Amino acid sequence: MNPCVYGIDFPDRSKLMAANNTVGEIRRYLNADSLGYLSEEGLVRATGLPQESFCMACYNGKYPVRYDPQVDKHIIERRRARVEGLTEGLEKEQMQIKLL
């Protein structure tokens, strides 16, 4: 339902099937006879560990550590793309014949 902002490679919410479709829509898309999800409580209970052992943000959207959405896990990739774009521009400029 929610992206992981701590490094697990979950896409942003707009690309998550469960965040944007009903269980019925997903079931039909998968051509499944039935579809169900474990509840948060059921998931935790199945592990035998206390709920405090887990980050449940992908389930409930409650992130245990505040974060700035502008500074997410993709910031390095975005920064690299900008730098590569600048580098490419500088290389092209250097290759042009200087008239003065």
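Tutor: Helices (H or I, at least four residues) and strands (E, at least two) are DSSP runs, numbered from the N terminus. By that rule the protein chain has five helices and zero strands. The order from the N terminus is α-α-α-α-α. This is a predicted model: local features need pLDDT of at least 70, side-chain atom pairs count only at pLDDT 80 or more, and totals for chains, interfaces and linings use all residues. Residues are numbered from 1 along each chain as its sequence is written, and side-chain values use heavy atoms, with hydrogens and water left out.

Of the 100 residues of the protein chain, 12% are buried. Buried means under 20% relative accessible area, exposed over 50%, partly exposed in between (1.4 Å probe, protein chains only).

Now the site. E40 lies in helix 3, residues 40–47. E40 is buried but has no salt bridge. A salt bridge needs a side-chain nitrogen of Lys or Arg within 4 Å of a carboxyl oxygen of Asp or Glu. The nearest side chain of opposite charge is K62, 6.0 Å away. Lys and Arg count as positive, Asp and Glu as negative; His and the chain ends are not counted.

E40 does have a polar partner. Its side chain makes a polar contact with the side chain of N60, at 3.0 Å. Such a contact is a pair of N or O atoms within 3.5 Å; within protein, one must be able to donate a hydrogen and the other to accept it, and residues adjacent in sequence count only if both atoms are side-chain atoms.

Setting aside residues up to four places away in sequence, E40 touches Q51, M56, Y59 and N60. Contact means heavy atoms within 4.5 Å.
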